[in-house]
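Please open the model in your viewer and keep the selection panel at hand.

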Amino acid sequence: MSFIPKPKVHHPSLQKNELGLTRRDYEGAITTLCAGCGHDSVTAAVVQAFWELSIAPHRVAKLSGIGCSSKTPAYFLRDAHGFNGVHGRMPALATGANAANGDIIYIGVSGDGDSLSIGIGQMSHAIRRNVNLLYILENNGVYGLTKGQFSAAADKGSMSKKGEPNTMEAIDGALLALTIGASFVARSFSGDKAQLVPILKAGLTHKGFAFVDVISPCVTFNDHEGSTKSYAYTREHNVEIVQADFVPPAQAITAEYDAGTVRNVMLHDGSWVRLRKLAKDYDPTDRDRAYGCIRDAQSKGEVVTGLLYIDEGSQDMHGHAGTIGEPLTTLPYESLCPGNDELQKLQARFR
Amino acid sequence: MDRVNDFAFKIATANGTGSASANGLIMQAIFRMGVPVTGKNVFPSNIQGLPTWYEIRVNRNGYTARTAQFDLMVALNAATYAKDVAEVHSGGWLLYDSSWPLDERLKRPDITYLGVPLAEMCNASFKGVRERILMKNIAYAGALAALLDFDTEIMRALLTEKFGRKPALMDSNQKAINLGFDYAKAQFDCPLPIRLEKLDKTKDAILIDGNTAAALGCVYAGATVGAWYPITPSTSLMDAFSGFCQKYRRDEGGKNRYAIVQAEDELAAIGMVIGAGWAGARAFTSTSGPGISLMNEFIGLAYYGEIPAVIFDVQRAGPSTGMPTRTQQGDIMMCAYASHGDTRHICLYPSDPREAFEFAVKAFDLAERFQTPVFVLSDLDIGMNDWMVPRLEWDDSYRPDRGKVLSAEELESAKTFSRYLDVDGDGIPYRSLPGVHPKGAYFTRGSGHTKHATYTEDDAEYTEVLDRIDRKVQRAARFVPAPVVRKAAGATKLGILTVGGCHAACVEALDRLAKEGVAIDYMRVRGFPFGDDVRKFLESHDINFVVEQNRDGQLRNLLTLDTGFPMERMESVRYYGGFPLSATHVIDGVKAKLEKAA
């Protein structure tokens with residue numbers, strides 16, 4: 001149960017970040033998920049990413065929908081406001097909160113059930129609006145909390161625990177995100193923290209909707225032979241196509257790789273995401289290529305991972321709405337109310 | 001019979017032909033003559049070509065309810081001609097376009113036919129199909145001006161205000177007015193016995209629709225986030241909010257001190273409002289019944305998670321798609337208890353645009369004070385029709401009641417913070433907003449939680465929070481606008497209890513019944529939960545007529561549920577056909593029940 005608080009004991013030798021905080025300061029309650037759940041590894045990566053970025057936990061708002069994945073915001077950043085909403089509708093809550101106060105760092109955690117069935121509309125429209133939000137889709141291809149039904153992300157031909165095959169095509173969240181104009185699309189694997197942490201950091205820093213699809217195996221209902229979202233299958237078929245490194249603003253870029261294989265993309269706060277291309281000709285700013293690359297891999301039964309697409313030139317929701325560059329929540333009332341004189345003047349219109 | 005400043009007429013056209021501007025001109029001209037006037041737009045759920053009517057009631061006594069008695073019909077739609085002829089009050093008049101012959105079979109001996117060759121005159125005077133059609137409307141306004149004795153100077157002034165900067169349009173409009181006016185003057189005995197005469201009864205009034213007024217209330221309340229999905233008849237509310245914000249909330253650099261999000265659906269719209277309310281903004285949505293149906297799940301989350309939200313429900317005729325352009329009070333029950341599980345919501349019921357303005361402001365104060373969703377239940381008639389109401393006033397000393405929100409300093413100095421703890425014994429806990437202080441952090445959830453905002457499946461911990469929320473909302477009964485009461489001249493055992501847009505019809509009915517010797521006390525509830533005064537009113541009468549606009553007597557049901565007053569002692573008077581309520585509906589209903597009782 002998520003009400004069990006984790007003891008907040010600090011070992012003196014624990015490494016501290018720029019704020020003087022240790023990783024323990026970024027943790028939350030003890031997980032209530034099954035032992036070995038991929039989601040817990042994602043949580044650990046989230047903790048690591050926030051700690052490395054030295055973000056003050058209380059400046060973060062963490063939101064989620066309903067499902068196993070959506071429980072996880074309770075397990076990180078205990079000093080941040082959390083909001084466990086209704087099924088599939090975290091994007092609306094995040095959109096509203098962000099509209100009200102765009103100065104907070106928003107992280108949304110969802111699953112394939114939450115995002116690709118009931119929530120497919122809301123996720124799509126949050127992408128379309130480019131809400132400034134790190135959106136993690138913890139993808140296990142199965143409904144865990146209701147005990148093992150296929151989700152819309154289950155691959156065609158994959159087997160349920162009871163041995164029934166899934167006969168319908170899967171909805172690929174990353175492809176969907178690319179198609180509808182996402183400004184940041186990545187895919188990773190919960191078992192690959194080295195890859196996931198820099199992606200999460202880049203996603204947190206990206207000004208806009210950062211979509212991160214994380215294959216996160218369900219040990220209880222979808223880790224058997226015949227499942228394409230199992231640990232074994234993912235490890236075997238994972239093709240890392242772009243390796244992302246996150247470089248904070250103050251650090252210089254050093255030429256560590258062959259010039260032709262590295263691409264540096266500057267994020268809005270002056271930090272860099274360094275993309276090392278493992279596949280020839282891969283261009284992470286070419287939406288069509290990214291799309292083709294995912295499709296090609298799918299046809300071979302492979303899962304491409306890495307930061308697949310990034311567009312740092314896009315406008316986020318506040319840009320589209322033309323809002324003032326400060327939280328609407330702290331605007332003084334005097335600047336919002338036109339007053340009685342104006343009301344009397346206005347009413348000439350109604351005579 | 002003296003029919004000066006006391007009559008009604010109706011204009012039948014097809015929609016999409018531009019008659020709205022002519023009808024608006026007529027309304028405004030009467031209003032500027034100082035004569036109380038009401039306009040009801042009876043329009044189809046369609047963009048072009050279907051029948052539409054505009055009803056105008058002129059009443060020197062200031063009765064603004066709809067009347068179904070029409071003295072004059074302007075019948076310009078062949079498709080509805082038979083129905084329109086039949087609706088004219090005996091002894092009345094019918095104005096028709098005599099460019100075409102009249103269907104003799106539909107002639108009535110008891111009314112006077114006034115043929116004006118509108119199409120013929122406009123075809124001769126204007127070029128192009130579009131202008132000819134548009135000017136035909138203005139020409140009937142001109143004919144009416146002669147027949148009903150409008151002040152032509154006022155009409156000219158209105159045209160100048162509207163088209164002052166477009167001389168070509170000004171000229172054609174004036175020309176069209178003159179065509180109709182001169183023809184009527186020459187051919188008929190002008191003015192008719194039903195006619196206008198200048199009064200001074202509108203100088204402190206305005207003509208405004210409830211959606212515009214509610215939007216203005218949102219601006220004055222300091223609302224900064226509006227999220228919505230287009231739906232008739234609420235769309236013009238957010239449109240108006242957008243317009244006012246562009247006027248009042250845009251800084252010199254063109255940056256906005258507001259955010260309006262057109263959501264993908266109502267499910268998202270309410271989610272955005274709740275997210276924004278959670279983050280600390282005054283946020284609202286405007287919708288109608290179908291939207292509320294969709295929002296139900298999220299509304300329960302806001303109730304249980306204790307998040308302020310303001311929801312305008314501009315009611316229309318249901319169920320399902322129903323009649324989207326007709327009015328009703330069909331959402332009274334749904335809003336009071338929206339969502340699954342045990343919920344109860346604060347509801348405000350404005351009766352006209354002025355109250356829509358005032359209650360909009362009140363709704364935000366209550367939502368933040370009580371940390372819960374608040375409904376403002378308007379309806380299509382209030383929301384979309386122009387009403388004559390007293391000028392809106394604003395008290396500049398007003399400051400928003402943001403409720404119990406802890407600042408960074410307060411959190412810093414606090415020993416502990418428990419989001420759902422009843423510290424003050426009034427059922428209202430303290431809130432913290434995201435991003436303010438680490439000590440304010442808590443987890444908002446729709447799942448079972450303790451007073452410390454931790455997850456629970458324990459019966460005692462769960463019920464403790466649920467019961468407190470019930471006490472909290474019950475307490476709001478003392479803070480919602482008090483009922484309006486009008487005592488009969490003498491003691492009576494009869495009472496009328498009603499809600500919202502029924503007010504104008506009820507007040508007129510009470511006066512007319514009083515003249516017939518039937519004295520009735522009157523109460524109009526303006527907020528839910530109901531206060532003690534509501535039950536006391538009901539108890540002090542032998543027969544209570546509950547007047548409302550829905551099939552099932554939802555207000556009557558709600559009165560019994562909330563006050564425990566027995567339903568048998570309330571007589572239900574209902575009209576739910578989609579038109580605004582008329583005094584006749586009330587009088588007929590009351591009399592029928594009285595006869596039955598006798």
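This is a predicted model: local features need pLDDT of at least 70, side-chain atom pairs count only at pLDDT 80 or more; totals for chains, interfaces and linings use all residues.

Which strand of chain B is joined by bridges to strand 2 of chain A? Select residues 81-84 of chain A, which form strand 2, together with strand 15 of chain B: 3 bridges join the two strands, which run parallel. Strands here are DSSP runs of E with at least two residues, helices are runs of H or I with at least four, and both are numbered from the N terminus; two strands pair if DSSP finds at least two bridges between them. Within this pair, A:Asn84 stands opposite B:Arg445.

Residues are numbered from 1 along each chain as its sequence is written, while chains are lettered from A and ligands numbered from 1 in the order in which they are written. For chain B the mean pLDDT (the predictor's confidence in each residue, from 0 to 100) is 96, and 100% of its residues reach 70 or more. The predictor gives the complex an ipTM of 0.96 and a pTM of 0.96.

**The interface between the chains**

Next, display both chains. In contact with 51 residues of chain A are 59 residues of chain B, where contact requires C-beta atoms, placed from the backbone, within 7 Å. Elements of chain B that each supply at least two residues to this side include helix 7 (210-221), helix 9 (266-279) and helix 10 (289-305). Helix 9 of chain B gives the largest share, 10 residues.

**Two domains of chain B**

Now select domain 2 (208-390) and domain 3 (408-478) of chain B; these bounds come from an automatic or database domain assignment. Their centres, taken over C-alpha atoms, are separated by 26 Å. To the contact, domain 2 of chain B contributes 14 residues and domain 3 of chain B 13 residues.

**A sheet in chain A**

Finally, turn to chain A, where 3 strands form an open antiparallel sheet in the order 10-12-11. Strand 10 (242-247) and strand 11 (262-266) of chain A stand at the edges with a single partner strand each, so one side of each has no neighbour in the sheet. Strand 11 of chain A is joined to strand 12 (residues 272-277) of chain A by 5 bridges, and A:Arg263 stands opposite A:Leu275.

Conventions. Two residues are in contact if their C-beta atoms, placed from the backbone, lie within 7 Å.
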